[in-house]
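Trainee: I have a new structure open and would like to go through it with you. Where do we start?

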Amino acid sequence: MRKKGMHRILALTLSGAMMLGMAGCGKKDEATTTAATTEAVTEVKTEAKTEASTEPATEAVTEAKKEDINVKPGDVIVHMDFEDGGTGKFAEYRNGGDFELSNENNKLKIHILRCGSCDYANQIYYDGYQLLQGAEYTISFDVSSSIERTIQYRGGQINGGDYHAYQEDNIKIGPEEQHISADFVMSEDSDPAPRMVFNMGIWEGMEGDPGEHDIYLDNIELVVKDVTNAQVLEGLPEYPKVNVSQIGYLPSDEKKVVVKSQTTETFQVIDTASGKEVFTGTFGPFSFHSASNDLVRVGDFTEVNTPGTYKIVTDVGETYEFKIAEGVYDDVYASAVRMLFLQRCGINLSNAEAGDFAHPECHTQEAIVYGTSEKKDVSGGWHDAGDYGRYVVAGAKTIQDLMLAYEDYGIKDDNMDIPESGNGVPDILDEARYELDWMLKMQDEKTGGVYHKVSGLVFPEAVSPDQETADMYLAPISVTATADFVAVMAKASQTYAPFDQDFAKKCYDAAVKAWGYIQSLNGNYEGYKNPDDIVTGEYPDNGIKDEIFWAASELYLAGYTDVKDQLKTYLDAVPIGAELGWADISGYAYYDLLRQKPDGIGEVLDDVNKRFFNRVQQLEERADAYGMMLETNYPWGSNMTIANFGMLMKMAANLTGDENYTKMAKRQLDYVLGANPLGYCFVTGYGSVSPQQPHHRPSQVAGKAMEGMLIGGANGGLEDSYAKAVLYGQPPALCYADNVQSYSTNESAIYWNSPLIYLLAATK
Ligand code: G3I
Ligand code: 9MR
Ligand code: ZN
């Protein structure tokens, strides 16, 4: 049976999250503790790839065959007896409670210090097994406690979204050791990455916090009891064998097609309206694409430049339909910018403006300055990503990309359907200003330093923005945030001057003041680190010299000549490279200096020019069959890195007029729009196959993916439990799962959209 894998999975998972709602800590909501009828997720890995398909399909083709079931009755799939003197394979999670784990007489001892205010305030959990739909399991363990109390165990829960249980029980425990044993059938879709959990926070019926006490666990086992009705795990999708941009091409673009085949010699471009073949091309020699572990060949169909709808056919498969037309990127561009509007925090997004993503005002309460009793208004700005934190370094990159898109490509659109449309200021600058206005509030009036971020102490549940009502904290001032602030404020003072002199002045003054803070540190810089009790996005970065140089450069360009004599010293401290990431950011300084070529710093400009073009050349030499420059290093948010490389190439083209750089930039854009080994258009809502279940709270709540988001994409590091379970052993460029739990491959972020916006702006 062929299954509509992706779409079916999406509908079930998202509707589950919607149905249940989320329980915040402190709110005793039955929802999270109900073993409900919600469906689980099933996009998983199988051992063997299926035969070459002649049609482009991401559908799973595995048939549920009994012989494929990889467990049998009696198999012990989790076993912890603590005989080695350790604390087993448990990870710890605190949400308001506190505890210490140790081994006492070969048992696991949980010394509870504080019970917090919800059942999962103290949690230990274990990931690393699978539950098959229809199979029956037995969970058993020995338990005792120094006091009479209730705890909860879960033979499995979904590891993300609403975290609902597949099996759970609340048990009363006390000094006498009990042997607990329970059978359960996995009634939901098979889960390749469930989580076994013991919750030891506060319980209804407990009269306040019981104070310090000990809980002991031993001989924890999960055993397969019956597989008669078990379903096999679905395999990873079969990825298309022939890939191009799913959005298409401008008539004048260079156009490449990549086929995963050693032997395929030719391809035909078919006009899908007439069914006629309009072009036959010959593939180049095969090469090994190590990032995806495939033999590939590249073809060129640049010659096809008549507007129309086409597909490319080969002997091993064909592409999706795509367009060749003027303005082919206009919609995706508008949508990518609009994503930022939909991420706006602190205001009511009305139904008329935001449709499914409407929400009342959010996060408007004053934030607590961490470690003090002071409070400060820092409302506004964009939610960073799938979470609702607002982080300065992430915001700075985004703002910079938007300002550059405006400056390099003269984007003037003032009708993009945002509240400021029609005000005479290009909407892209209005959108960036929404973040700049917020960032100004992030500056400490006294010192001029800039708080690293504002967020709750922990990530919120999968709720809409206005439902995250926990206290907000201003994390400590950091040098990276402050230097990034200086850079974008200084630049904004120039960019916005023609539209609003007062605002430009305000930005300039704020930049100079923040620079004063950095100067006052006398070079004693340290990277930001989360305090122990703040676990939201860290954006840690110990390499601060690039931020300092960027700040100094933009100040100089904005007319603050005091930094002139120090520029060379600052530059000498910057490591080689020219990057546009949130951590390594020197490329922005280099580019702005090279395009504006200010007087009086010839030596600096020479060095900057060398650094910039050395990096460009190094990347150029790395380009593989897909035009990728990552070799096999696909990090978290690789689609941003790829888009950043595209930007860098486009910058090189802008500086030199060399069209070859434009071609290379364009290939990075083609990749994120579909010309990649996974065959995904990584912008939600666009192309033939795009991510359906992003790790993005508003999308999870709405039950559909917000459009126009660039998704993180392949991450060889397998940095979440779902990815670890499902993608283990896959080559880096294929380490991607369209699953809501996979935050390290399937989230979206403002600063991933912004380089995409820059690349798309270049096509306008
Ligand atoms: O620096 C190393 C590099 O040397 C190495 O070659 C490479 C190998 O893959 O890894 C690099 O480090 C990675 C780093 O990002 C820089 O790319 C880390 O492994 C990776 O864990 C780290 O991921 C970051 C992630 O937060 C976790 O800190 C992402 O860049 C960053 O985009 C992401 O940001 C999150 C926020 O914290 C919270 N909001 C959502 C947002 C997006 O997921
Ligand atoms: O939802 C969080 C996402 O926005 C972040 O990018 C990610 C990494 O910092 O963390 C996500 O939160 C996860 C947390 O780190 C671990 N427990 C599961 C959370 C996601 O459901
Ligand atoms: Zn908000």
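Mentor: Start with Tyr-539, which sits in the loop between α7 (501-520) and α8 (545-557). Keep in mind that this is a predicted model.

Trainee: What is the phi of Tyr-539 like, positive or negative?

Mentor: Positive, at about 45°, although Tyr-539 is not a glycine.

Trainee: And is Tyr-539 buried or exposed?

Mentor: Buried. The relative accessibility of Tyr-539 is 8%, and buried means under 20%, so Tyr-539 falls on that side of the cut-off.

Trainee: Which other residue has a positive phi although it is not a glycine?

Mentor: Asp-417 is one, with a phi of about 70°. Asp-417 is in the loop between α4 and α5 (427-441).

Trainee: Buried or exposed, that Asp-417?

Mentor: Exposed. Asp-417 has 55% relative accessibility, and exposed means over 50%, so Asp-417 qualifies.

Trainee: Let's go inside. How many residues are in the largest nonpolar core?

Mentor: The largest nonpolar core has 165 residues. Those with the most contacts inside this core are Trp-515, Phe-549, Phe-612 and Met-651. Helix α4 (residues 392-409) gives the most to the core, namely 11 residues.

Trainee: What is Met-651 in contact with?

Mentor: Setting aside neighbours within four places in sequence, Met-651 is in contact with Leu-404, Leu-580, Tyr-588, Tyr-591, Phe-612 and Tyr-758. Another core, of 47 residues, lies apart from the largest one. Its members include Cys-115, Leu-132, Ile-139 and Ile-151.

Trainee: Now helix α12. How far apart are its end C-alpha atoms?

Mentor: They are 27 Å apart. Helix α12 (residues 638-656) has 19 residues, and at 1.5 Å a residue these should span 27 Å, so the two values agree.

Trainee: Why call α12 largely enclosed?

Mentor: Because 16 of its 19 residues are buried, α12 is largely enclosed by the rest of the structure.

Trainee: What follows α12?

Mentor: Gly-657 does, and its phi is positive, near 80°.

Trainee: Another helix, then. Where does Thr-495 lie?

Mentor: Thr-495 is in helix α6 (residues 479-495). With 5% relative accessibility, Thr-495 counts as buried. Not counting residues up to four places away in sequence, Thr-495 touches Met-403, Tyr-406, Glu-407 and Leu-429.

Trainee: Cysteines next. How many disulfides does the structure hold?

Mentor: The structure holds 0 disulfides. Take Cys-507, which is in no disulfide: the nearest cysteine sulfur belongs to Cys-345 and is 20 Å away. A pair of cysteine sulfur atoms has to be within 2.5 Å to count as a disulfide, so that distance rules it out.

Trainee: Is Cys-507 buried or exposed?

Mentor: Cys-507 counts as buried, at 0% relative accessibility. Cys-362 counts as buried too, at 1%.

Trainee: What about Asp-191? Where is that found?

Mentor: Asp-191 is in the loop between β9 (178-185) and β10 (195-199). With a relative accessible area of 0%, Asp-191 is buried.

Trainee: Which side chain does the side chain of Asp-191 have a polar contact with?

Mentor: That of Tyr-166, at 2.5 Å. Asp-191 can also be set against Tyr-722: these two are 531 residues apart along the chain, yet their C-alpha atoms are separated by 9.4 Å.

Trainee: On to the ligands. Which residues come nearest to ligand 1?

Mentor: Of the 14 residues around ligand 1, the nearest are Asp-384, Asp-387, Glu-719, Glu-747 and Tyr-751. An N or O atom in the side chain of Glu-719 is 2.5 Å from an oxygen atom of ligand 1. For Glu-747, a polar side-chain atom lies 2.9 Å from an oxygen atom of ligand 1. In the case of Asn-633, the distance from a side-chain N or O atom to an oxygen atom of ligand 1 is 3.2 Å.

Trainee: And which residues surround ligand 2?

Mentor: Tyr-163, Asp-387, Phe-459, Trp-636, His-695, Arg-697, Tyr-743 and Glu-747.

Trainee: How far is a polar side-chain atom of His-695 from an oxygen atom of ligand 2?

Mentor: The distance is 2.6 Å. A side-chain N or O atom of Glu-747 is also 2.6 Å from an oxygen atom of ligand 2. For the side chain of Tyr-163, the value is 2.7 Å.

Definitions and conventions:
Residues numbered from 1 in each chain as written. Chains lettered and ligands numbered in written order. Heavy atoms only, no water. Core = buried A, V, L, I, M, F, W, Y, C linked by side-chain atoms within 4.5 Å. Buried < 20%, exposed > 50% of the residue type's maximum accessible area, 1.4 Å probe, protein only. Helix = DSSP H or I, 4+ residues; strand = E, 2+ residues; numbered from the N terminus. Contact = heavy atoms within 4.5 Å. Expected span 1.5 Å × (residues − 1). Polar contact = N/O pair within 3.5 Å; in protein donor to acceptor, adjacent residues only side chain to side chain. Near = heavy atom within 4 Å.
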